Amino acid sequence: MSLVVTNIGELVTNDPESEILKDAAVVVDGDRIVWVGAASAAPAADLRLDADGAAVLPGFVDSHAHLIFAGDRAAEFGARMAGQPYTGGGIRTTVTATRAASDDELRRNARRLAGEALRQGTTTLEIKSGYGLTVDDETRSLRVAGELTEETTFLGAHVVPAEFEDRPDDYVDLVRGEMMDAVSAYAKWVDVFCERGAFDGDQARAILKAGAERGLGLRLHANQLGPGPGVRLAVELGAASADHCTHLDDADVEALAGSDTVATLLPGAEFSTRSPYPDARRLLDAGATVALATDCNPGSSYTSSMPFCIALAVREMGLTPTEAVTAATAGGAAALRRTDLGRISPGARADLIVLDAPSHLHLAYRPGVPLIRHVLQHGAPR
Ligand SMILES: [Zn+2]
């Protein structure tokens, strides 16, 4: 079945040849985009979707989300807004709730959040484990994640679980040995929370190398709460993405700019922990590739909204609205090393959104307003 989306007032293609087209049309065949050009020249198709002069964008690529968990930490958020600092220690609260939940409870919660994200224009989600922290709980977390996305990430090294408190290196050995063996059939990526209070640079390196040996791609939570070795480690090991990048020195910025490692910024975390935002302008000006993602998780960033992150990146992080939209689409695709996502051009996957607005500028200009009118995912209206 083919479909023509026509009468597009503004088409954001992310194609370097034709970044933004006016009065355009897009033809989709099956799950692929097959034609892009002037509406007046569009070929015939089986079905027709009239965009009525609205803006059309690639679907958002949310390359960083923690959706496999149980429980709620609203009280912790409330306490933080009353002045308590964020330390990352609340992760263990979610670990306890997740271990106690059935597979079906985990599945229902993750589906609810993925549906929420889809309604806000997210057509690709990366989903991490990391609240099980036993061989069995990490394995089932990734099995459930795999029902929702092909971009699954093993984050056994999220935090040292309470039962390993006094012997963290034994936990690192478990993660890079038995746990990695058990999950590698279900995970595409491996990730480590490299931060004071979580895992140091040597531990992160050992775990990432063990993942690479089993064919997993590399990602790293780096430099969120303070300066540290994470960003440079990610670049050294050729990771697809260094995520957070809030506390960077000049050498970190230079390393990112000279590499294929994407700087993935997660402003929902700074919003929800009332912390200073990362400097996206500095990274782009240095030549780094920047992605925006939600970090959706029950503790430090409980939003599934890419439009919200775009608005924050424009207001608080020095990006123009166009740069923020690029980071939320093509940037996310680069962070997942996907060339078929985050763009509207022939050959790309038919993931696109029709806004309830004439321009992509409205995503930041009208913050908090539901502006997603239609979503096409894999060519199918959702
Ligand atoms: Zn995260």
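Is D295 buried or exposed? D295 is buried, with a relative accessibility of 2%. Here buried means under 20% relative accessible area, exposed means over 50%, and partly exposed lies in between (1.4 Å probe, protein chains only). The model is predicted: local features need pLDDT of at least 70, side-chain atom pairs count only at pLDDT 80 or more, and totals for chains, interfaces and linings use all residues. Residues are numbered from 1 along each chain as its sequence is written, and side-chain values use heavy atoms, with hydrogens and water left out.

D295 belongs to the zinc site. The protein donors of the zinc ion are H64 (NE2), H66 (NE2), H221 (NE2) and D295 (OD). Donors are N, O and S atoms within 2.8 Å of the metal (3.2 Å for Na, K and Ca); water is not among the atoms, so sites may look incomplete. Along the chain, the donors follow the spacing H-x1-H-x154-H-x73-D. The arrangement of the four donor atoms is irregular because their angles around the zinc ion run from 82 to 165°. Four donors count as tetrahedral if all angles lie between 85 and 135 degrees; four count as square planar and six as octahedral if opposite donors are over 155 degrees apart and all others between 65 and 115; anything else is irregular. H64 and H66 are both buried.

D295 also stands out in its backbone. Most residues other than glycine have a negative phi. D295 is not a glycine, yet its phi is positive, at about 60°. The residue lies in the loop between β14 and α11 (306-316). Helices (H or I, at least four residues) and strands (E, at least two) are DSSP runs, numbered from the N terminus. C245 is another non-glycine residue with a positive phi, near 50°. C245 sits in the loop between β12 and α8 (250-257). It is buried, with a relative accessible area of 1%.

The side chains of D191 and H221 make a polar contact at 3.1 Å. A polar contact is a pair of N or O atoms within 3.5 Å; within protein, one must be able to donate a hydrogen and the other to accept it, and residues adjacent in sequence count only if both atoms are side-chain atoms. D191 is found in strand β10 (residues 189-194). It is buried, at 0% relative accessibility. Beyond residues up to four places away in sequence, D191 touches K128, T153, F154, L155, A157, R219, L220 and H221. Contact means heavy atoms within 4.5 Å.

L220 lies in strand β11 (residues 217-222). L220 also counts as buried, at 0% relative accessibility. Apart from neighbours within four places in sequence, its contacts include D191, V192, C194, A204 and D243.

β10 and β11 are part of an open sheet of seven strands. Its order is β8-β9-β10-β11-β12-β13-β14, with parallel pairing. β8 (127-128) and β14 (290-292) stand at the edges with a single partner strand each, so one side of each has no neighbour in the sheet. Two strands pair if DSSP finds at least two bridges between them. Within this sheet, β12 (residues 241-244) and β13 (residues 262-265) pair in the parallel sense over three bridges. D243 stands opposite T264 in β13.

β1 (residues 2-12) and β2 (residues 20-29) pair over eight bridges. S2 stands opposite D29 in β2. β2 and β3 (residues 32-38) pair over six bridges. The partner of A24 in β3 is A38. β2 and β3 form a hairpin with two residues between them. G30 in the turn has a positive phi of about 65°.

Helix α2 (residues 91-100) has the buried residues I91, T94, V95 and T98. These fall within an arc of 105° seen down the axis, so they line one face of the helix. The arc is that of the directions from the helix axis to the C-beta atoms. T96 and A100 are exposed on the face turned away from the buried side. The buried residues of α2 pack against α3 (103-119), α4 (135-148) and β10. R108 lies in α3. R108 is exposed, with a relative accessible area of 52%.
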